[in-house]
Amino acid sequence: MANGDRSGSVVRGFALSSVFWLLVGLLLGLWLAAEMIYPALNLAPWLAFGRLRVVHTNGLIFGFTLAGIFACSFYMLEKLTRTPLAFPGLAKAQLWLFNLAIALAALSLFAGMNTSKEYSELEWPLDVVVVVLWVMFAVNVMGTLVKRREKQMYVSLWFLIATVVTVAVVYILNNLAIPVSIAKSYSAYAGVNDANVQWWFGHNAVASVFTFPILAMFYYFLPKSSGLPIYSHRLSIIAFWSLVFGYLWTGAHHLMLTPVPEWIQTVALAFSIFLIAPSWASVINGYYTMGGNWDKMKSNYLVKFFILGITFYGLQTVQGPTQALRALTSFLHYTEYIPGHVHMGTMGWVTMVITASMYFVMANISGREIHSVKLANVHFWLILVGQLMFTVTLWIAGIVQGVMWKAVNPDGSLMYTFLDSVAAMYPFWAVRFLGGLLYFAGISVFAYNLYMTSRPTAQEA
Amino acid sequence: MNINSLYEKPILFAVAAAVVISVGTLVTTFIPLFLPSTQPVSPLVKPYTAVETEGRDIYLREGCNNCHTQTVRPLRTEVARYGDYSKPEESAWDRPFLWGSRRTGPDLARAGGKYPDAWHYRHMADPQGMFEKSNMPAYAWLAKKKLDTSLTARKVKALGYGYDGAEVARQLAAFRQTVTAPAYPSAQVRSQVTPAALQGEITELDAMVAYLQKLGRDLKAAQATVARPSAAEAAETKNPYAGNHEAEEEGEKIYKENCRSCHGEKGAGGFGPKLAATTHKYGGSDADLFSSVAGGRPGGMPAFLPQLGKDRVWKAVTYIRHLEKERR
């Protein structure tokens with residue numbers, strides 16, 4: 001095994017699992033995008049939009065992103081602690097249980113077993129499995145940290161610890177339920193409280209899956225691939241604590257102008273604006289790390305992924321808080337603008353950083369160079385253009401929708417029926433589908449390139 | 001202790017992180033759970049019946065909340081489009097809440113009582129048949145599945161709806177009798193979408209329609225005793241567009257978008273009464289027709305004044321007048 005790592009095969013297993021669920025999740029996304037245009041594609045109950053969308057979101061959040069986080073976390077842990085994983089057998093068991101759980105999750109969601117709470121739809125038996133998986137992960141993270149040989153913990157490890165703690169707290173509390181059968185339960189909270197708890201979870205699932213661990217990768221793999229040390233350690237301390245503190249207050253910005261108590265909405269709005277500062281502290285730290293070495297954007301195939309990734313993170317973390325403003329939320333909420341926002345975060349920031357980190361990790365544990373830098377560049381441009389086509393189109397679509405919903409005649413009556421606003425969306429949905437197709441092509445190139453990098457070469461075999 | 005040693009002690013660091021994330025959690029999420037003002041309860045809003053509970057579970061199973069919201073925001077255009085804004089009391093019995101996050105389809109918080117059951121049977125079975133540009137999936141197959149009621153008693157007990165298994169059985173029997181009776185007002189459309197073998201049973205589609213008719217119903221009932229919106233328009237008696245050909249053409253467009261799905265092509269009739277006729281159920285004067293369109297009528301005629309405005313309601317009336325003439 002290269003570099004004396006004990007967990008190379010587990011890292012490889014999680015990376016390839018992650019890519020598999022990524023391809024599945026994106027294919028489902030394409031099908032959903034087509035269903036928006038041709039409702040006849042809702043061919044069977046299990047393929048109907050309402051069920052399929054849930055498999056798409058869960059497959060990509062839990063299947064792709066979590067597996068990618070596990071792969072890169074185990075890798076970073078060993079490197080940053082200069083210590084082998086504390087319980088390699090446990091990590092291997094976690095890999096198998098993880099894939100089994102994701103497969104069962106997909107099947108149960110296709111079958112319509114879901115709690116309807118967004119990104120938390122799994123029914124209670126699978127919630128128990130998710131908690132078990134998380135404990136397995138936490139034991140390895142904390143165990144390795146306790147046994148470590150490197151005295152100081154680098155910023156990536158702080159974000160990893162925050163991920164472990166936050167996911168545990170929000171996932172368990174949001175999924176408390178009263179079971180009525182093996183496949184059916186009701187939320188422990190009613191009405192307004194259920195909404196408030198759900199979006200506290202929803203927002204912090206974004207924090208602890210799409211932000212903390214991805215920042216951990218960014219802070220580790222950008223310096224590693226560029227050979228440049230991170231610009232400011234002090235800035236990363238400020239960014240970390242204020243981000244982790246601020247995030248938990250903002251859930252209700254998903255519930256602006258609903259029956260949730262107004263003070264909770266206003267507090268959420270205030271903290272959403274506050275969060276721009278620590279988010280941009282990481283963006284600035286990334287940009288300043290490049291310092292006078294911007295030529296590496298061209299000369300190093302990985303650096304551009306991380307820099308574009310953190311740029312989309314920066315755009316997201318300004319766009320998100322502005323969407324919480326009452327004037328804008330009244331105009332944009334419930335429109336296509338919001339899926340546009342979410343997809344720039346996931347397709348831009350999260351996927352760019354994870355796929356680039358995986359190239360680095362896979363080349364390193366295989367003890368050789370990446371299969372093809374050229375293909376990695378093709379992958380980069382396809383997912384960049386595909387994502388922008390997808391997200392910018394949805395922003396415009398959302399604004400059109402918002403205008404149509406709010407347009408009034410001089411006598412105060414409504415200018416458009418709801419159906420008018422649906423009919424106006426079809427051209428936008430077609431462009432979104434094409435953007436998704438480009439994106440999928442880019443990810444297919446990535447999958448091939450990563451697989452070829454991970455394959456044993458002729459002389460090794 | 002040197003503060004920097006925090007970055008050398010992983011367990012201590014994890015505890016510190018847990019403390020830092022709990023502050024916002026406590027204030028915005030945990031404490032509100034124990035404040036009765038967060039989720040007020042009103043006797044005006046009733047728990048779901050046994051059938052409505054099952055219908056709601058089908059709504060969850062099919063993920064309807066992925067495209068439909070159930071919360072009307074206190075915004076002028078939103079109230080005009082959907083109805084009165086949502087009150088916290090209305091969600092008191094909702095586990096889980098179903099406010100949603102995206103409106104690919106319209107909000108449903110005020111769907112109850114807006115249309116007759118027949119409208120929903122037809123629409124669920126074939127949305128594009130009613131609205132060509134709609135992208136809603138068809139749910140005709142729900143009518144082909146008998147409603148599973150084996151867990152209903154356990155469900156209402158877990159949900160704390162305050163009635164027992166015997167009451168569940170009574171409600172199910174009563175509901176079955178209602179929807180299968182020949183006198184059921186939507187019997188004709190129900191029999192068209194329901195296979196022969198299940199016509200005497202409660203289907204999943206029956207339960208879904210029952211649930212949709214519950215949405216916002218209690219609030220509307222409470223408000224009906226307080227104020228009638230159409231009363232303010234009683235003074236409208238004279239059609240400013242009488243005999244105006246352009247208004248008639250505009251009226252035809254308004255009719256196609258808003259009225260045709262129920263009253264049929266050129267007023268031939270459907271779920272709603274035939275309009276290409278010389279006599280009308282609620283009177284045939286200009287004032288009567290205006291009042292019907294503007295304020296709605298019992299049994300499924302929605303009030304169109306808030307969304308269309310006075311001007312377009314009169315144009316629609318002008319077109320209806322034209323239909324009468326064509327018939328002669």
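**Exercise 1.** What distance separates the centres of domain 1 of chain B and domain 3 of chain B?

*Solution.* This is a predicted model, in which local features need pLDDT of at least 70, side-chain atom pairs count only at pLDDT 80 or more, and totals for chains, interfaces and linings use all residues. Residues are numbered from 1 along each chain as its sequence is written, while chains are lettered from A and ligands numbered from 1 in the order in which they are written.

Step 1. Find the domains: chain B is divided into domain 1 (3-33), domain 2 (50-224) and domain 3 (230-327), with bounds from an automatic or database domain assignment.
Step 2. Taken over C-alpha atoms, the centres of domain 1 and domain 3 of chain B are 63 Å apart.
Step 3. For the chain as a whole, the C-alpha atoms of chain B fill a box of roughly 95 × 50 × 35 Å along the principal axes.

**Exercise 2.** Describe the secondary structure of chain B.

*Solution.* Step 1. Helices (H or I, at least four residues) and strands (E, at least two) are DSSP runs, numbered from the N terminus.
Step 2. Chain B has 14 helices and zero strands.

**Exercise 3.** Work out which elements of chain B touch chain A.

*Solution.* Step 1. Two residues are in contact if their C-beta atoms, placed from the backbone, lie within 7 Å.
Step 2. Here, 74 residues of chain B are in contact with 74 residues of chain A.
Step 3. Elements giving two or more residues to this side of chain B include α1 (10-33), α2 (50-61) and α14 (305-327).
Step 4. The largest share, 15 residues, comes from α1(B).
Step 5. By class, this side of chain B has 35 nonpolar, 22 polar and 17 charged residues. Ala, Val, Leu, Ile, Met, Phe, Trp, Tyr, Cys and Pro count as nonpolar, Asp, Glu, Lys and Arg as charged, and the others, Gly among them, as polar.

**Exercise 4.** Describe how α5(A) packs on α1(B).

*Solution.* Step 1. Helix α5 (residues 155-174) of chain A meets α1(B) at an angle of about 50 degrees, with the axes 9 Å apart. Axes are lines fitted to C-alpha atoms, for helices over the stretch in contact, and angles run from 0 to 180 degrees between N-to-C directions.
Step 2. That makes α5(A) oblique to α1(B); angles under 35 degrees count as roughly parallel, over 145 as roughly antiparallel, 65 to 115 as roughly perpendicular and the rest as oblique.
Step 3. Residues of the contact include A:W158 and A:I161 of α5(A), and B:F13 and B:I21 of α1(B).
Step 4. The residues of this contact divide into eleven nonpolar, one polar and no charged.
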